[in-house]
Amino acid sequence: MSVIIDDEYAPAFAPFLGFAGCFAAMSFSCLGSAIGTAKSGIGISGIGTFKPELIMRSLIPVIMSGILAVYGLVVAVLIAGNLNPDNKYTLFAGCMHLGCGLSVGLACLASGYAIGVVGDEGIRQFMHQPRLFVGIVLILIFAEVLGLYGMIVGLIMNTKGNS
C-alpha cells in the first residue's frame, strides 16, 4: 500500500529542518567535546609540573570528551542520509530530524560540561589523594552516559522520522 504525499505535507522548507538537525547534532556535540577537553586540559596541565607521572592516567576525561563528538557525527550522518532531493521530504520528517539533532547535540553539550568540571577538579584532587581515582572515573562514566542517552533518543527519533 503506498501513501500519496501532498505538497501540503512536504513543503519546500522541510529539508531546512533536517539540515538544521544535522547542524545541531554536530555543532552542539563538538562544542560539548571541546568544553570537556579544554576544562580537563587545564587540570592536566596544572598537575603536570608537580607530578608528571600522573599525566597518562589523567587523560581519561579528555578521551571521554572526544567520544561525545562521535555521537553527534553518527546522528548527523544518519540524518543526512535521509535527505535526498529525489524523494519527498515531509514536514514530519523534518521536525523529527531537527528534534533528533537537538537531542543528541544538547545532551552531549551538557555531558561535555560535566566531564570538564569533574575532570578539572578531579584530576587536581587526584594529585593529592591517589585513592580518589576510582571515584573520579565512576563520576566521569555517569557524566559520559548523558551523551549516550541523547544519542539513543536521537536514533529512535531518526527511525520514527523515516517510517
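Predicted model: local features only at pLDDT ≥ 70, side-chain atom pairs only at ≥ 80, totals over all residues.
Good morning. Asp120 and Arg124 are four residues apart in helix H3, and therefore about one helical turn separates them. Helices here are DSSP runs of H or I with at least four residues, numbered from the N terminus. Asp120 forms a salt bridge with Arg124, with 2.8 Å between the closest N and O atoms; the term requires a side-chain nitrogen of Lys or Arg within 4 Å of a carboxyl oxygen of Asp or Glu. A search of the whole structure finds one salt bridge. Asp120 is buried at 15% relative accessible area, whereas Arg124, at 30%, counts as partly exposed. Buried means under 20% relative accessible area, exposed over 50%, and partly exposed in between, using a 1.4 Å probe and protein chains only.

Residues are numbered from 1 along each chain as its sequence is written, and side-chain values use heavy atoms, leaving out hydrogens and water.

Let me turn to the core. The largest nonpolar core has 23 residues, of which Tyr71, Val75, Val104 and Ile115 touch the most other members. Such a core is a set of buried Ala, Val, Leu, Ile, Met, Phe, Trp, Tyr and Cys residues joined through side-chain atoms within 4.5 Å. At least two residues of this core come from each of helix H1 (14–48), helix H2 (60–81), helix H3 (91–128) and helix H4 (133–162). H3 gives the most, with seven residues.

Which residues does Val75 contact, leaving aside neighbours within four places in sequence? They are Ala25, Cys100, Val104, Met151 and Leu155, where contact means heavy atoms within 4.5 Å.

Ser111 is also found in helix H3 and is buried, with a relative accessible area of 0%. With neighbours within four places in sequence left aside, Ser111 is in contact with Leu68, Ala143, Glu144, Leu146 and Gly147.

Finally, the record. An unreviewed UniProt entry lists residues 12–38, 59–79, 91–119 and 131–157 under "transmembrane region"; positions follow the numbering used here, feature names are shortened, and annotations may be inferred rather than shown by experiment. In the model, residues 59–79 are 95% helix and 0% strand, with end C-alpha atoms 32 Å apart. Residues 91–119 are 100% helix and 0% strand, and their end C-alpha atoms lie 41 Å apart.

Thank you.
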